[in-house]
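The exercises below go through selected parts of one structure. Each gives a task and then a stepwise solution.

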Amino acid sequence: MRKNRVLAVIMAVLMMVTLLPSMVFAAAVPQGALDGKLKVKGTIAVGVTLSADYSKVKPEGITDDYVSFSWSLKDGDVLTEVGTDKIYKVEEKDLGFPIVLKITGKEEMGISGELTVTTQEVSATEEDAKALAQQKKTETSTSESGSDETLEQDSQDSTITITGLGETDTDSGNTEETEDSTEDQAEDSSDTTAGSDEKTVETGETKAQNGDSASTEELTYSAVVSTEDGSGVLNFGTVTEGYTEIPEVQYVTITNTGTADLNFKEISPENFMAEDINGQPLKSGEQITVWVKPREGLNAGEYKDLITYQTEEGVDVFFEADLTVEAQTDDGNNGNADAGKASEPSDSEEGQYELTADPAEIPFDDLTEGYTEVDQTRTVTIRNTGTETVTLKQPQSDNFDIEPVSEGENNGEIMLAQGDEQMFTVQPKLGLEAKDDPYEEDLVFATSDNKASAAVKASVLVNGDSFTENSVDITPKDLNFGELEQGYSNAPEAQTVTVTNTGTEAIRLVQPTAKNFEVGALSAEVLNPGEDNQATFTIQPKTGLSAGEYSGKIRIADKDGNIDENVSVSFTVTKPEPVYDLSVKPEEGLNFGTVNEGYKDLPEAQTVTVTNTGNTKITLQQPTGKNYTVGALSQTELEAGKSATFTVQPKKGLSKEEYLEDIVISNSADVSAYITAYFSVRKNTDNSEKENDLTGIRKPSSITDLPNGTEKTQKALKLPETVTITTTKGEQKASVKWDVKGCSYDPSSVDRQTFNVKGTVTLPDGVKNPDKISTVIAVSITVNAYKGSGVKESDNKITGIDPNGKYDTNTKITFTAVGAGMDNSNPVKGDTRFQPRSWQITEKRDWDSEPYTATFRVSKPGEYTLKVNFVQQRYDGSRWTDTDVQSESKVTFTVSQAEILTATPSPAVTQSSQKSAVQTGDSTPIMTFVIILIAAVVCIGGILIYRRKKK
């Protein structure tokens, strides 16, 4: 029996264990739209790691798996995404900008909607951040207390104040317990402020309750409205049913008393008309005045409407507008009995004084400037509706002539007894100037003692002499011709400018001109109005411009002086790398022939010309010769392209010998420059039969201007296969073998190289060399420096943004700046590239390194321009270095307002509609407990069967 009880207890325990998944581990899966309060944990300072805190975000049970994160820098209306993890480390580049954290629900997990929170501006240190947070908290507290005082005081003046607080929760040293305590106190006290419209204010970034002082930065949303008389009520008086003359408009002033911008919604009261505030946001501390007036055609009755202005942030300001409409009387009075009345009846012991004017308004037809007469005349009738006889005085006006139809009966004075009337004529004065707005003036008809008066509103518009508009459209208006190196022979390609007459009159264009640019002739001089009537001309930089920046404006004008437009042009001529080179002529050298020993007559002197073939000034030194007399240089300072000369002549008394000599022209650039002179003196003999003996070898001319990278071969280096030799029988050709391999030339170098190549002359058959003249010669060769790849500014690009694309305020825009030449992975000295350095929409943002990509969002619709700055770099053989050249690329795009979608929570699952298993979020393996339950049932069943059989 005892065993059975123990076994029963064990079975019961096993059954209880099987129920644990539903009792212990089950947890409801969060579903629905995001709501509640999002926070940022961490001090808002450089170097601090911030984290998202959604402990107070609903639905409860939210984890990292249910939402995505986005950290952005807020720059005005532009949000630049800087992180997508739950945490974000604040960097130096974030200094001075607020940080926006946004979490977005994952639809596939059953969570919809999004929440955002904006921090204070990033500080350099944690101490600065805490001080800033304390300062803003103090300001907010002051604003709150001042708000209550203002509300109490304004309530006496019937001025109503609505205050809402926008909250940014950042942890700047306060503990979570302090925050929660403060929030609870704020919620408990939210009903104690009399006269305030307490409500949760949607800031567009996070939800916050009025009075919540737990945040380190609180934006306040509040405004006050006041009337002109301070009563808080606009009283439009009384009119008669069927009125057509609407009472004069009245005005109210709305002041933003909070610290955040207010965006007002459109307004449409039922019985009154009110001006909308739908332009720019109303900034903190700013105010705006709007008009209010009754609608036309209201039925009889009393109207006391509460007119409310609402903002997108949840702030309401309201005031009362009153109007009484009396029922129409039997005499048909339509409410215009008081039209034109400017004064109320004056009750006194002497009687009542009252004047009325009919009509109350007299609009005139439009006039054209320069008019010499006015054909139109309007009449006004002034009636004495008082009880006393009055005397009218002549009305005065700046813009209108007013004359009585009949003169007064008493010395020209106009006397009006009770019920009498006087008619006046009104005309616009001659000589009124044209202007955009009409001339409007209240013509006042008053008694001589000013006890009564009536006003009539007169208006007339004076148009210009000719209703013409002269304007043109210039396409394009900015021309950039890039850059070229000084000494360029081919100017950049000409660009075409199109002029379109967008006005209403034909124009005669003046031929444009420019100092540093060639301007082509206009394709048409006279342009009639219309888009199809165009004139074109070309613009191209001139050749031969020296190094410098050439920018300016080319004027587009017409002969009548009505058009004055400009085309901006820019062109850069860079200063080339210095090149030092000299050429010496004659290239074949100087040959003074052969004379007999004891010669008396000297060979004639020959002239040598030295030319500066580089681009930099070179100073020459006076050359000298051992066996030759060298004349003075014609000049020693040689600018690029200039030449100097000197003469060479053999000296007297030279003995029998071959005189082959290089006369060197030394210079400040250390450029190899010389001329070879040859002169032979033979022994005086009577033997007429001469030997064919070598007397000299003519040295080849220097080889210059070879392109960088020329191959190291005889053919590529343009070395001659033969040279000229002189013998006792004249000149001959002799072959030469060049030692190309042995020269110092390095074809892989990008620098300018000047080097000598030695060669050995092979004498032809029959030519003897009894004097042992050296047959080794050398020639100077110059290979130019590498000029670099020379990428173009026009190859800089911005990808990822389409000017014709459709973007809205919810779109994340990611772009990449692609600099020309940035893909050059094997640069050579002299190569150039354009490195992306910064980008800007409102504020400038810098790039430190690759990738040159950024992501941003725009919070307000409109047209924006993205600009990217590129800096030119040149490779010096070991690294890239900046030059003075910069380039800017830009793209303009349009952002529209995104549709506002309302998140609909998932419907609750009911008993009747449930068709599938409830998700619990419990990952515990249920099958294990099912198996245990089955085993327990089997055991119990076996025991029962066993007991029955035993019995």
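**Exercise 1. Salt bridges**

Solution. 

Step 1. The model is predicted: local features need pLDDT of at least 70, side-chain atom pairs count only at pLDDT 80 or more, and totals for chains, interfaces and linings use all residues. Residues are numbered from 1 along each chain as its sequence is written, and side-chain values use heavy atoms, with hydrogens and water left out.

Step 2. Glu637 meets Lys617 in a salt bridge at 4.0 Å, N to O. The term requires a side-chain nitrogen of Lys or Arg within 4 Å of a carboxyl oxygen of Asp or Glu. Lys617 lies in the loop between β42 (606–612) and β43 (618–619), and Glu637 in strand β45 (residues 637–638), so the pair ties together parts 20 residues apart in sequence. Strands here are DSSP runs (E, at least two residues), numbered from the N terminus. Lys617 is partly exposed, at 43% relative accessible area.

Step 3. Arg752 and Asp581 form another salt bridge, with the closest N and O atoms 3.8 Å apart. This pair links distant parts of the chain, 171 residues apart: Arg752 is in the loop between β52 (730–738) and β53 (753–762), and Asp581 in the loop between β39 (564–574) and β40 (582–585). Asp581 is buried at 5%, whereas Arg752 is partly exposed at 28% relative accessibility.

Step 4. Between Lys93 and Glu91 the closest N and O atoms of the salt bridge are 3.9 Å apart. Lys93 is partly exposed with 42% relative accessible area, and Glu91 is partly exposed with 40%. Through shared partners, salt bridges join Glu91, Lys93 and Asp94 into one network. In total the structure holds 20 salt bridges.

**Exercise 2. An open sheet**

Task: State in what order the 7 strands of the open sheet follow one another, and describe the surroundings of β4.

Solution. 

Step 1. The order is β9-β7-β4-β5-β60-β57-β55, with antiparallel pairing; two strands pair if DSSP finds at least two bridges between them.

Step 2. β9 (114–121) and β55 (797–799) are the edge strands; each has a single partner strand, so one side of each lacks a neighbour in the sheet. On average, neighbouring strands are turned by 30 degrees against each other, direction ignored.

Step 3. Strand β4 (residues 67–75) is joined to the antiparallel strand β7 (residues 98–105) by 7 bridges, and Ser70 stands opposite Lys102 of β7. To strand β5 (residues 78–83), also antiparallel, β4 is joined by 5 bridges, and Lys74 faces Leu79 of β5.

Step 4. The hairpin of β4 and β5 has 2 residues between the strands, and Gly76 in the turn has a positive phi of about 65 degrees. Of the 9 residues of β4, 7 are buried, so the strand is largely enclosed by the rest of the structure.

**Exercise 3. Nonpolar cores**

Solution. 

Step 1. A nonpolar core is a set of buried Ala, Val, Leu, Ile, Met, Phe, Trp, Tyr and Cys residues joined through side-chain atoms within 4.5 Å. The largest one has 29 residues, and those with the most contacts inside it include Ile254, Phe272 and Leu323.

Step 2. Elements giving two or more residues to this core include β13 (217–227), β17 (287–294) and β19 (316–326).

Step 3. Phe272 touches, among others, Phe236, Val292, Ile307 and Leu323, residues up to four places away in sequence not being counted; contact is heavy atoms within 4.5 Å.

Step 4. A second, separate core of 28 residues includes Ala357, Val390, Leu392 and Phe400. Ala357 has Ile382 in β23 as its bridge partner. Strand β20 (residues 355–358) and strand β23 (residues 378–384) pair antiparallel over 4 bridges.

Methods:
Axes are lines fitted to C-alpha atoms, for helices over the stretch in contact, and angles run from 0 to 180 degrees between N-to-C directions. Buried means under 20% relative accessible area, exposed over 50%, partly exposed in between (1.4 Å probe, protein chains only).
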